[in-house]
Amino acid sequence: MRLTLVLVLLVCACVTDVAAQDHPQALAFDARAAERFAKLALSCAVKEYPNKLSHSLNSDADVASPRKLTPAFFGCLDWHSSVHGHWLLVRLVRTFPDASFAPAARDVLRHSLTPENIAEEAAYLRAEGRASFERPYGLAWLLQLAGELREWEDPQAREMYAALRPLESAVLDRLKAWLPKLSYPIRIGEHSQTAFSFGLALDYARLVGDSAFADLLVSKSRQFYLGDRACPLAYEPSGEDFLSPCISEADLMRRVLPSAEFAAWLSAFLPQISAAKNGDWLRPVVSPDPSDPKLAHLDGLNLSRAWMLKGIAAGLPRGDKRVGAIRSAAEAHQAAGLAAVTGEHYEGGHWLGSFAVYLVTERGLAKNTR
């Protein structure tokens with residue numbers, strides 16, 4: 001009852017910070033700014049409908065509601081958005097443990113991440129006919145959630161991480177079985193893209209000390225991307241992208257290659273940057289209809305480009321002349337991306353907050369990324 005009341009109050013109180021929309025780059029990321037993103041996740045974490053299932057049925061017995069099928073991650077429209085919505089809450093409570101939203105966030109996490117719920121999630125993932133379920137995007141975000149909980153020095157976090165372990169193990173088993181069989185990279189701008197998910201998974205593997213998994217990811221990254229040249233950045237974006245194939249690949253390879261080797265690789269892969277004097281070589285995009293679930297992806301593209309550009313700049317040697325142009329583009333994308341995180345439309349509101357938090361908390365720039 002308490003959880004329901006808290007969520008109702010938060011949903012009713014969820015208003016957009018106009019100043020943050022107009023000038024997000026001018027604001028420090030503090031607890032007040034974080035509350036705007038926390039409210040987006042809190043408003044959808046236990047919102048079962050509308051729901052977009054990615055569900056394989058083997059018999060009539062598999063016909064069930066989202067809450068029954070995946071009792072931990074049934075909200076926020078789809079499984080992967082629910083997973084990274086929970087990651088958002090963990091990340092923000094870790095960052096601002098005394099913020100006004102922290103008690104409600106802890107309540108949501110406590111109700112979702114129980115041993116009983118996670119046991120059913122793991123059984124669902126391991127069931128027949130689900131070998132490709134949420135692979136690789138949702139699985140990579142689940143590993144990010146596990147890594148965030150593992151790092152958090154908090155008694156409740158330790159309990160939740162212990163509860164999450166069976167699903168974490170199921171995800172690792174699935175990815176470790178899939179990667180050796182994957183013959184080619186997936187270069188699209190949506191969920192199936194390999195470069196983005198490899199980056200999340202590699203950060204996780206290094207964080208938890210899983211050297212075998214890290215080595216597998218590095219080996220596949222080198223196999224798929226080391227020989228790439230002249231990425232056709234002018235072809236981007238496709239109309240429904242929320243990830244850039246070119247920029248995502250570069251952000252992955254700065255995790256894989258030593259700094260000097262990465263700098264040389266980047267010269268051949270994105271020669272467009274070398275001639276740039278500012279951020280005009282890569283400009284932010286505009287969603288033509290934020291209420292359309294696919295067209296709203298372009299708002300997320302600005303956010304993901306922003307954090308990946310920051311990652312690319314951080315991966316270059318000190319004094320590299322391209323850093324200024326890369327950071328200039330990152331700042332423009334960050335301003336455009338954060339301005340679009342309003343929550344006005346559920347089509348974007350159920351997931352854009354997670355991308356915003358990943359960006360502003362610089363999760364991808366943690367010390368374990370290479």
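A residue is called buried here when its relative accessible area is under 20%, exposed when that area is over 50%, and partly exposed in between, as judged with a 1.4 Å probe on protein chains only. Ser244 is buried by this criterion, because its relative accessible area is 0%. The structure is a predicted model, in which local features need pLDDT of at least 70 and side-chain atom pairs count only at pLDDT 80 or more, while totals for chains, interfaces and linings use all residues. Residues are numbered from 1 along each chain as its sequence is written, and side-chain values use heavy atoms, with hydrogens and water left out.

The pLDDT, the predictor's confidence in each residue from 0 to 100, has a mean of 92 over the protein chain, and 91% of the residues reach 70 or more. Over residues 1–27, however, the pLDDT is below 50, and this stretch has 31 contacts in the model beyond near neighbours in sequence, a contact being heavy atoms within 4.5 Å.

Ser244 is found in the loop between H11 and H12, where helices (H or I, at least four residues) and strands (E, at least two) are DSSP runs numbered from the N terminus. Leaving aside residues up to four places away in sequence, Ser244 touches Gln193, Glu236, Leu301 and Arg305.

Aromatic rings form another part of the picture. Rings of Phe, Tyr and Trp (its six-membered ring) pair if their centres lie within 6.5 Å, with planes under 30 degrees apart counted as stacked, over 60 as edge-to-face and the rest as tilted. By this rule the count comes to 22 aromatic pairs. One of them, Phe196 with Trp307, is tilted, at 6.2 Å centre to centre and 40 degrees between the planes; this pair links helix H10 (residues 194–208), which holds Phe196, to helix H14 (residues 297–315), which holds Trp307, across 111 residues. Both Phe196 and Trp307 are buried.

Phe242 and Trp351 form an edge-to-face pair, because their ring centres are 5.7 Å apart and their planes stand at 65 degrees. Phe242 lies in the loop between helix H11 (211–225) and helix H12 (245–256), and Trp351 in the loop between helix H16 (346–349) and helix H17 (352–360), so the pair ties together parts 109 residues apart in sequence. Both Phe242 and Trp351 are buried. These residues belong to one aromatic cluster, whose members include Trp87, Phe196, Phe242, Trp307, Trp351, Phe355 and Tyr358.

H17 itself is mostly covered, with 8 of its 9 residues buried, among them Phe355 and Tyr358.
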